[in-house]
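Visitor: Hi! Could you walk me through this one?
Guide: Happy to, let's have a look together.

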Amino acid sequence: MQKEQKRLKEPQKILQLQEPSKLEMPNFTVIELLQSINNLLQENYTDIKDDILTKLNKHLSDNFSMPDNAENWIKEGFHYCKDKTNGGCPFCGQPLHNAQDLINIYNSYFDQAYNDFINRIERELEGKKAELENIAFSQKTILQTALTKAGQYKDLISDEIFQTELVELQTNIESLQEENLTTAKNETLKTVKSSCDQKRKYPYKKVNIVGFSRLETLLFVYNQSLTTTKEIIDKLLKKIKTFKKQYEDVTTITQAINLLIDEIGKFEYKKARIDQNQDCVNCKKSEEEIITSEKEIETMKTQLQKDQSQYLERYFSQINNLFKKFGSGNFTLENAINNQGYLPVYSLKVKYRGVVISGDQLPYVFSESDRRALTLAVFWAKINLKEQAEKEKTIIILDDPVASFDDNRITNSINLLKETIVQVSQIVILTHYPHFIKRFCEITKDAQITVKYLEIKQDDTTSSLILSDRNNFIMSDYEKVFM
């Protein structure tokens, strides 16, 4: 309301704002020019007798190494020859009285009608070609100026249709493919020049027409876009003129200001009444929010418990399967729940061949390998339960993961690594056990994965990481000496 009142008090500034100019649709004659050029290329000179043309072509073929350029060369010489009966050749100086048959052929071939035909074809082709070269597709600059001028009214005219039309105008301008159109024109022009050169060599013959279907399609789309853009500019201009018209009459402006002042007074009165009763409104609103929140809390608690149960069921199922996979097949892991407190407490229940093992007995029942297998199972369950997108960004670092494992457990662990490495970003393994590395190399030799081997080398002063070779780990001492 205040913004509208301010605009009404500054009508002169609004009236002085420039308006976008109407778009004058350009008349591109590209297709007409190309059709005219093709018509000229297809013209032939039918008045030349076949026998004269045959003799001339035979003479050119017998006496010129480059017949394509010979015709123009002879034409120029024939033109400059003063005495075609007793004179000499303007090129070599030899007398022409013994070449009257050839002179007669030239006279018949290069007569005035033929010269007029050639001159007209060349003149019209050059003119059409020059017109085609001068055609430019440069409406974007004009339209961008119109968009800039219309954009001055963006914050003044709050009409949604006006705002939408501004966006459509900008989109239409950006979609104009003037660069592609210019490229297509230039490519077509190149073909035109080649065809014109061919016509110049054989003006009496028809020359293949120039194809321009791609250029025609692009020009059609371009003209359609310009037509749509013109309609949008006309609509914007109409709304701008209607908007500015209300500021041309000072009396109308004054009345509008007074109406706004009255409306402001009414709103201030309503606001005062609301302010005086705001505490009660706030209290009532807060009570409603509390009731709603309590209901939401109960719903969320129920959902949380359900989600937790589902997650824990999957989690402990993963741990149990992985624990068995790592070689502890006689054990079963289950989820134990204690609901005696305010919140449920979740713990791990261990069974050995169906018999529950209490917590204080675990150190005596679990071997070192079982404890490490359980740790690895818990760790790997967390990885398996990650979302796929998160898993793809995960980097896993393991420090001697198979310490105290026997060969069977080591093999199972490496198979799991082989399955997991294609699902995560990277796995880094630190180990002191060459046997583990050798077994890893054997199992993964055909896998489609990238593996790098790094060794810590120590000298008298320091230690450093060096890039090693897979063979260093899989070859025996004898094989290394042999190599």
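**Helix packing and ring pairs**

Guide: Let's begin with two helices: in α10, Glu-178, Asn-180, Leu-181, Ala-184, Lys-185, Glu-187 and Thr-188 meet Arg-214, Leu-215, Leu-218, Leu-219 and Tyr-222 of α11. Keep in mind that this is a predicted model.

Visitor: OK, how do the axes of α10 and α11 cross, and at what angle?
Guide: Helix α10 covers residues 178-201 and helix α11 covers residues 213-245; their axes come within 9 Å and cross at roughly 150°.

Visitor: So are α10 and α11 roughly parallel or antiparallel?
Guide: Roughly antiparallel, because angles over 145 degrees are counted that way.

Visitor: And which hand does the crossing of α10 and α11 have?
Guide: The crossing is left-handed.

Visitor: Switching topic: how many aromatic pairs are there in the whole structure?
Guide: A search finds eleven aromatic pairs. One of them joins Phe-323 and Phe-366, a tilted pair with 5.8 Å centre to centre and 55° between the planes.

Visitor: Are Phe-323 and Phe-366 buried or exposed?
Guide: Both Phe-323 and Phe-366 are buried. Another tilted pair is Phe-331 with Tyr-352, at 5.0 Å centre to centre and 55° between the planes.

Visitor: Which strands hold Phe-331 and Tyr-352?
Guide: Phe-331 is in strand β1 (residues 331-338) and Tyr-352 is in strand β2 (residues 345-352), 21 residues apart.

Visitor: Why does Phe-331 count as buried?
Guide: Because its relative accessibility is 4%, and buried means under 20%. Tyr-352, with a relative accessible area of 30%, is partly exposed.

Visitor: Nice. What links Phe-323, Phe-331, Tyr-352 and Phe-366?
Guide: Ring pairs do, and they make a cluster of these four residues.

Visitor: What about charges: which ring does the charged end of Arg-409 sit over?
Guide: That would be the ring of Phe-405, with the charged end 5.8 Å from the ring centre.

Visitor: Last one, the big picture: how many helices and strands does the protein have?
Guide: There are 20 helices and seven strands. The protein has 483 residues, of which 32% count as buried. Among contacts between residues at least 6 apart in sequence, 71% join residues at least 24 apart.

Definitions and conventions
Residues numbered from 1 in each chain as written. Predicted model: local features only at pLDDT ≥ 70, side-chain atom pairs only at ≥ 80, totals over all residues. Heavy atoms only, no water. Phe/Tyr/Trp six-rings, centres within 6.5 Å; stacked < 30°, edge-to-face > 60°. Buried < 20%, exposed > 50% of the residue type's maximum accessible area, 1.4 Å probe, protein only. Helix = DSSP H or I, 4+ residues; strand = E, 2+ residues; numbered from the N terminus. Lys NZ or Arg CZ within 6 Å of the ring centre and 35° of its normal. Axes fitted to C-alpha atoms, helices over the stretch in contact; angles between N-to-C directions. Parallel < 35°, antiparallel > 145°, perpendicular 65-115°, else oblique. Left-handed = near helix turned anticlockwise from the far one by under 90°. Contact = heavy atoms within 4.5 Å.
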